[in-house]
Amino acid sequence: MSGAPREDDSGDYPLSPAQRSRIRRLSRWEEPSPGEEAGELNIVPYLDIIMNIIVFVIATITVVFMSTLDVNPPSAGGGGRSTRVDTKALNLTAIITGDGIGLKTSSGNIATGCERVGSGITIPKNGDGTHDYAELTKCARRLKSENDRFAEETQVTVTANNNIEYQTIISFMDAIRSDDPDSCTVDPESKAWSGKGCLFPNVNFGVAR
Amino acid sequence: MSSGGTPPASTVRYKAALRKAIRKNRREPEIDFLNITAMLDLMTIILVFLLQTMASSTQSIQEGKDLELARSFMKGEPSDQGVILVVSKSAILLGEQGEAVVPLPSREQLASSGLDAKYKRSGPNDLYIVPLANALRNARKLDKAVRAAKKLDTSTSEAIIIADARTPYRLLMEVMFTLGQSEFGKYHLMVMKAKND
């Protein structure tokens, strides 16, 4: 009846203290080290690249600074796709030359100064060689206000010398569109202009032959 | 395996006891971190998609020496309806991919008589640019199908004209006239918004 272990029925000895100790040690649960199980990515270089791309895209793309002006096809012979035939209408026509901007209505050519019908360039260039767009806007308002019948007219036909730059045409359209941009708006659906500030927002192009 | 004279258990018993102990002590690992690999994959795909979309958008025109947009006080969002036509300093390009249709001569020549007569239908005074009209015919065919699918008016197409600020009026009219002859009935002139003060 000593303390010495004895064989059991299977003829084997029970686990010795050393074996128990080893089993306890080997079967102990250990927390996996961070990132060991999932193999996490080091995303710092990736984020650097992403940030650079985003900055590059924002710096180069001019998304919010664009706009478009809607126009109709030109027609040869001086007249655009105009619907005006009434001789009592204003029928405003503009010609942009190297000397200035000439305006013509159904009454005739508007003389220099925009006061009466007569010869000469209606709005000569400024002393520095640039077109006087402020005076053009004033003149357009004066012509439109001459008669109540002209209030509904929104079209102008523009012709220019061959060498006139596209920027000049756009600036002309800006100047003759309205004298108060806040009270002249375009309907996004119908593209129709309306408002007290509107002058001649519908521009037709003509080609001098 | 023995210590202090105690006979050890057999290897079979020892291993069975070890397996049992391991099973008993095992714990399900807690998910205390986020596996972001899949998310990064997704982010990369979205980024590539966005870059591709923005690159082909009309709103993403990049100015350079060959193309400087005109400035306008016009407000409002740019129209994105229509076939894109770019008139740069050196060529006329068509479509979102910007395929060169006609090379342009010097500005002086363009300002006096427009494009060379060899590109015209009937001599230097004609406004009809034949290579551009040929390219527009295909574009019109495609745009017509697109408009039909969108249930829009198919009788005419629209064009977005992106022209250099120094483009002479003569060339502009030639381009617009050719567009008009190719069943393009409405044009959107792309400009850069200028400050109104």
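**Exercise 1. In which sense do β5(B) and strand β6 (residues 184–193) of chain B pair, and over how many bridges?**

Solution. Before starting, note that this is a predicted model, in which local features need pLDDT of at least 70, side-chain atom pairs count only at pLDDT 80 or more, and totals for chains, interfaces and linings use all residues. Residues are numbered from 1 along each chain as its sequence is written, while chains are lettered from A and ligands numbered from 1 in the order in which they are written.

Step 1: Helices (H or I, at least four residues) and strands (E, at least two) are DSSP runs numbered from the N terminus, and two strands pair if DSSP finds at least two bridges between them.

Step 2: read the pairing. β5(B) and β6(B) run in the parallel sense and are joined over five bridges, with L189(B) in β6(B) as the bridge partner of I161(B).

Step 3: look at the other pairing of β5(B). Strand β2 (residues 83–87) of chain B also pairs with β5(B) in the parallel sense, over five bridges, and there I84(B) has I160(B) as its bridge partner.

**Exercise 2. Describe helix α5 of chain B and its place between the strands.**

Solution. Step 1: compare length and span. The helix covers residues 169–181, which is 13 residues, and reaches 18 Å from its first C-alpha to its last, close to the 18 Å expected at 1.5 Å a residue; the expected span is 1.5 Å times one less than the number of residues.

Step 1: judge its burial. A residue is buried if 20 or more other C-beta atoms, placed from the backbone, lie within 10 Å of its own, exposed if 12 or fewer do, and partly exposed in between. By this rule twelve of the 13 residues of α5(B) are buried, among them Y169(B), R170(B), E174(B) and G180(B).

Step 2: follow the chain. β5(B), α5(B) and β6(B) make a right-handed β-α-β unit, where right-handed means that, with the strands pointing away from the viewer, the path from the first strand over the helix to the second runs clockwise. After α5(B) comes E183(B), whose phi is positive, near 70°.

**Exercise 3. Why is strand β5 (residues 157–163) of chain B largely enclosed by the rest of the structure?**

Solution. Step 1: count burial. Six of the seven residues of β5(B) are buried, so the strand is largely enclosed by the rest of the structure.

Step 1: turn to the core. A nonpolar core is a set of buried Ala, Val, Leu, Ile, Met, Phe, Trp, Tyr and Cys residues joined through C-beta atoms within 7 Å. The largest one has 75 residues, and those with the most contacts inside it are I176(A), L85(B), I161(B) and V175(B). The largest share of this core, eight residues, is supplied by α5(B).

Step 2: Two residues are in contact if their C-beta atoms, placed from the backbone, lie within 7 Å. Leaving aside neighbours within four places in sequence, L85(B) is in contact with residues including A159(B), I160(B), I161(B) and V175(B).

**Exercise 4. Which element of chain B gives the largest share of the side that touches chain A?**

Solution. In chain B, 66 residues are in contact with 52 residues of chain A. On the chain B side, the largest share, nine residues, comes from β6(B), and the residues of that side divide into 37 nonpolar, 19 polar and ten charged. Here Ala, Val, Leu, Ile, Met, Phe, Trp, Tyr, Cys and Pro count as nonpolar, Asp, Glu, Lys and Arg as charged, and the others, Gly among them, as polar.

Step 1: find the strand partners. Strand β1 (residues 66–71) of chain A pairs with β6(B) in the antiparallel sense over six bridges, and D70(A) stands opposite H188(B). Within chain B, two bridges join the parallel strands β1 (residues 71–72) and β6(B), with R71(B) opposite M192(B).
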